[in-house]
Number of protein chains: 2
Amino acid sequence: MPDNIVKSVNGITSEIKEEVDRLIFSSLPTSHPVKEIQLLYDMMREYPSRTGKGLRPTLCVLFCQAFGGDRNLAIPTAAALELFQNWIVIHDDIEDQSELRRGKPALHQEHGIALAINAGDALAGRMWEMLLSNCKILDERVVLQLFSLFLEMLNRTTSGQHIELSWVENGRWDLNEEDYMNMCRNKTAYYTCVVPMVAGALIASYDGASKDNSERFGLNLGTAFQIRDDILNLVGDEAKYGKEILGDIFEGKRTLMVIHCLQHASDEDKQGFLSIMSKSRHKKSESDVYKIMEYFEKYGSIGYARNSANSLAKLAKKQFEEMTFPGSTEAVDNLRTLIDFMVNRER
Amino acid sequence: MPDNIVKSVNGITSEIKEEVDRLIFSSLPTSHPVKEIQLLYDMMREYPSRTGKGLRPTLCVLFCQAFGGDRNLAIPTAAALELFQNWIVIHDDIEDQSELRRGKPALHQEHGIALAINAGDALAGRMWEMLLSNCKILDERVVLQLFSLFLEMLNRTTSGQHIELSWVENGRWDLNEEDYMNMCRNKTAYYTCVVPMVAGALIASYDGASKDNSERFGLNLGTAFQIRDDILNLVGDEAKYGKEILGDIFEGKRTLMVIHCLQHASDEDKQGFLSIMSKSRHKKSESDVYKIMEYFEKYGSIGYARNSANSLAKLAKKQFEEMTFPGSTEAVDNLRTLIDFMVNRER
């Protein structure tokens, strides 16, 4: 990805991210005389303080402007989206036994599973509080609609996460591409793309968007984003990517590459592949993991996934261009740049 | 506790509990064509389907009536309280490494930690959804006040839980009675007694209650309730109690008995006591646990805790009698019976 696009994306996200972060940190509790509670507060602030990309809040604010709304009215909701991402990944990191998050140890690696689950729950409360603070600037009806939207987001995200976890739990390998896509749409795409867009429209009081069309756009874009994330997990630069490179193979995740490889491998290779992938995390050696990478190379699975992501991204971009934006054309232009970045990013 | 009181309590709770359960089960998702999601739905319904006592929803409905409100208007909030209890204990059971919940294996013992954390999050969403459904029957302003109250409840409960967990995590034994009481007020009393009462008042649109007085009543009653729970964990009948008897000793919980014993034991006994209590759960033998019970007996720690609970209960009852109830006198009578049960129960 050319440096100038990354720069221009940073230009778009940085201002919004800064404003959202300011709001988040002014709303999260800072200090408490009881030492234990001080630690809880520190834990709640830990992930938000590790700089993320701020994609979801930026999408929310830009969509609000593109639909003709006032960007300031979208900031608390954008902050609530960022808080969602932060608390849900505290729990996801435990569930997936992940080791790194944004370049540092996952919260439960530093403080144990018990305290981390609880800190995630506490942070979830702050997300709802942030959403509720909209009462000061938005119509009560809109606030209640945003609540419904966030609840649907939680339903979808936990459904998607449950599907992925139970595949690992139950040793399921007989999956097809549609199983994966359905999981992705729920686990990632809905909260990453659909909700920021629909929330932006609600805040702008814009009801001209066809629900079906815009949801399809968001699901396609978000799925392309997740596939890209899965690819980066294999071939990315850990310093940029911030998660453990090859961690998905250690975790035994059913990515598009895995499904493609299993569908195209010879019987012998399939057996070899599964004998490694089925091992639990701590029984996999580094050479096991490189062997899996060799299978991916042999069957062109990474290239296949890259093509899939590109097709979905192309479709999403077409659907985006078919939408009507009564608001800021600058916001629409910025959205275009951001969408390009999301499916071509290297971090 | 005499059988006739238990019967009369069952009479009070059963009708409300039945109505609340009906609402909960009609709102929770039942079936899904995707096998994995079906399991998620089953997991979400598991704890609600294990009959609890229904104390919190009953308190909420009775307080609403006592404050002059319509009982029917309190049912969804009572159901949301019951859902809170259910999702938070899914997470608590993982955090405390508990084995039993309501006489059956804890959810994570049956399905693993990962799926159980996620199911807890999904169920939390249904709690907020239930609370939001109040929009159909209550003024929007009241709905938003209930949201704030539930958010404060989540803050308090996670703070209390964090304090207790970090004592175990950090091997803290230098605790005094006030440390314990403060933890209890946050972890248990606020959501068990204060919130059901304040929610009842909000729904009844009753603003004649002094916030401080009624909160003090709820905190005292709830703390007495938790001390009673801790005592039952030692001397209760597992079949009635539904949790693992002596589990708190295995888990190394800092109960009032533990704090009392440490404060009164000879240096030698203190050392012996701590050498057992400091062991991790799986390193404690049954005879270790019985040795702890002997220390409790030697220093009268259980009797001391029983007296503390009784004093708090007496104080709470006095504070209850000082409150003004403009509504149903039958509800006030029923509350009296329930309060007696809560601090004298054997299950």
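Predicted model: local features only at pLDDT ≥ 70, side-chain atom pairs only at ≥ 80, totals over all residues.
This is a short walk through a two-chain model, from the fold of chain A to its contact with chain B.

Okay, ground rules before we look at anything. Residues are numbered from 1 along each chain as its sequence is written, while chains are lettered from A and ligands numbered from 1 in the order in which they are written.

Let's start with chain A overall. There are 16 helices and 2 strands in it; those are DSSP runs numbered from the N terminus, H or I with at least four residues for helices, E with at least two for strands. The C-alpha trace spans about 65 × 55 × 35 Å along its principal axes. How does the radius of gyration compare with a compact globule of 347 residues? Chain A has 20 Å, and the globule would be near 20 Å, so the two agree. That radius is taken over C-alpha atoms, and the rule is 2.2 Å times the number of residues to the power 0.38.

Of the 347 residues, 53% count as buried. Buried here is 20 or more other C-beta atoms within 10 Å of a residue's own, exposed is 12 or fewer, and partly exposed is in between, with C-beta atoms placed from the backbone. As for contacts in chain A with a separation of 6 or more, 79% are between residues 24 or more positions apart. A contact needs C-beta atoms, again placed from the backbone, within 7 Å.

Now have a look at helix 3 of chain A, residues 55-66. Its 12 residues reach 16 Å from first C-alpha to last, close to the 16 Å expected at 1.5 Å a residue, where the expected span is 1.5 Å times one less than the number of residues. Because 12 of the 12 residues are buried, helix 3 is largely enclosed by the rest of the structure. That buried set includes Arg56(A) and Gln65(A). And what covers them? Helix 1, helix 4, helix 8 and helix 16 of chain A are included in the cover. After helix 3 comes Gly68(A), with a positive phi near 95°.

Speaking of phi, most residues other than glycine have a negative one. Arg102(A) has a positive phi, near 50°, and lies in the loop between strand 1 and strand 2 of chain A. Over in chain B, Gln97(B) has a positive phi near 55°, in the loop between helix 4 and strand 1.

Next, the contact between the chains. Chain A gives 34 residues and chain B gives 34 residues. On the chain A side, helix 2, helix 4, helix 6 and helix 7 give two or more residues, and helix 7 gives the most, with 15. That side divides into 17 nonpolar, 11 polar and 6 charged.

Which of the 223 residues touch the most other members? Ala119(A), Met127(A), Ala119(B) and Met127(B) do. Leaving out residues up to four places away in sequence, Met127(A) touches Ala80(A), Leu83(A), Phe84(A) and Trp87(A).

Note on methods
Nonpolar A, V, L, I, M, F, W, Y, C, P; charged D, E, K, R; others polar. Core = buried A, V, L, I, M, F, W, Y, C linked by C-beta atoms within 7 Å.
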